[in-house]
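Keep the model in view as you read.

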Amino acid sequence: MIRIIRICPLIICLGMQISCDRVIEVAKFSPNIELFGFGGNVDQSELVKEKTLPTFTGRENGVDIKSLDISQLANETENSLALDHFHVNVREALLLKRELFEAKLKVFEKDAEVQAAFSDYSPKVKLGTTNNYVLAQSGNNTRMSRDDFMDVYLKMEYPFLDYGRREISTQIAIFEEQYQFKDLAIKVNETSFDLVKIYLDYNSLVKKKYVLEEFKVNVDKYVSDAEERFAGGVSNLSEVTLAEQARTRHNARIVSFNQRFSKAKIQYSENFLGVTTGNFDSRMLGTLASSIFRSLEEPIFKLESYSLEESLLAIEQIIANFKILQHRANYLPKFTSIVEGTAYEVDRYDGDWQVSLNLAGEFGLYDGGESGAKITALKNKADSVKQRQLALNKDLEARLSTLKGEIEAANESIKQSKQQLDFHQKKLSEALERSEKVSFNLSELVSADENILDSTIKLIDQEADLENLWAEVLNIHGIFPDLFKISFDDIGK
């Protein structure tokens, strides 16, 4: 006994040296101390109130979403049917995407984890029995059970002092739910962008189809007129050959076009519920860039607020910091109160019962460096996330700056192509006038008409490219959920 007393001071000193850093942690965590759920830095009732899911974009300032309202724009333009078709079809296709259903379910799972975290603030009540029935026995050992009994107990457990562990766990659960929700917003935005590209590509091909069909009518008429003139003896065979060559060239164009069109049609029908013919004239879709995308002013080429991806990284960094606090809390003591009432031998109850209070506490002195290693890893992760966020911001800013230049160049190219188209249309008018008043020249007519066709096809491609550039700008800003007015509740309806 005397030897044990002499060793005690040595054990105490050794324990103080080992746990010196933990004593420091206790001092750091002193503001988080709560007693029976009261105190601490975080008002849990406020956390419950603020546990609502954020909006998809969280955008309150910056880009004016009202300027992107399809219905308003549709009423102010001559192309309301095309704008309506664009909005309705992309929105309906978006809401039926399976990956969005799965992402929504993950949000529900995280919400359940939040509810579980809040349950830590409620006492745990358990009702149970302790039974002992001797089935067989031989001998006189004093440790043998001599009597049969069944006790009933009612136990209530509640951590009355945990140095903020519950607060930290609750915050982690809340931010993980927000992370999953923001991830869903990103999926909505990216899926929208993919659908918009499919939609624009297919409908630009439909516009080309109209143009090619119109030219086919023209070239067939040129062949017919050449054959009639040759049959009437007012022209030679070379004129017929010239018209036939023009038709052959156009047939080759159509064959090449149909190969691409059939692939785009299949992709479109797979994403837009098999709808390949709409109640609209696709030639009106050339105004999307001017009516929707161009309605965004200069700030659209700058990141005045977090993009969706940056917001996701910001939440990830917050979660990492809270997890650091969670592991640091392992350095600190934890105390649990247990109130237990027991009724003894209820199978032959004679009124014996007892209510007891148990205060259990533990203080981890040493864990082999596990907590320290995890804290170091989480600190590195938080720093890494911050660097990724900065790099992403620079990349997006650079891409927006590039897109601004590409859009300006595309607008200038479209302007020049329209001038070329006007020039060739005037040439065709002049050729028609000379053919009627001076002398018929089929070669000049066919050449002018083919130049018009080439210029028109080129213009359609340039307008489609411009619309895709604007769509990428909207994608970077994460505007598509707002543009198509998608809410969390809409998905899966």
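A charge counts as sitting over a ring if NZ of Lys or CZ of Arg is within 6 Å of the ring centre and within 35 degrees of the ring normal. This is a predicted model. In it, Arg-166 lies over the face of Tyr-158, 5.2 Å from the ring centre. Lys-104 lies over the face of Phe-488, and here the distance to the ring centre is 4.9 Å.

Now turn to rings that meet other rings. Rings pair if their centres lie within 6.5 Å. The count comes to 14 aromatic pairs. Take Phe-86 and Tyr-199. Their centres are 5.3 Å apart, with 65° between the planes, and the pair is edge-to-face. This pair links distant parts of the chain: Phe-86 belongs to helix α5 (residues 80-95), Tyr-199 to helix α7 (residues 165-231), and 113 residues separate them. Phe-86 counts as buried because its relative accessibility is 0%. Tyr-199 counts as buried because its relative accessibility is 0%.

Next come Phe-175 and Phe-322. Their ring centres lie 5.8 Å apart and their planes meet at 25°, so the pair is stacked. Distant parts of the chain are linked here: Phe-175 sits in helix α7, Phe-322 in helix α10 (residues 308-328), 147 residues apart. Both Phe-175 and Phe-322 are buried.

Which residues do ring pairs link into a cluster? They are Phe-86, Phe-193, Tyr-199, Tyr-202, Phe-257, Phe-261, Tyr-268, Phe-272, Phe-480 and Phe-484. Find Phe-86 and Tyr-199 among them.

Definitions and conventions
Residues are numbered from 1 along each chain as its sequence is written. This is a predicted model: local features need pLDDT of at least 70, side-chain atom pairs count only at pLDDT 80 or more; totals for chains, interfaces and linings use all residues. Side-chain values use heavy atoms; hydrogens and water are left out. Rings of Phe, Tyr and Trp (its six-membered ring) pair if their centres lie within 6.5 Å; planes under 30 degrees apart count as stacked, over 60 as edge-to-face and the rest as tilted. Helices (H or I, at least four residues) and strands (E, at least two) are DSSP runs, numbered from the N terminus. Buried means under 20% relative accessible area, exposed over 50%, partly exposed in between (1.4 Å probe, protein chains only).
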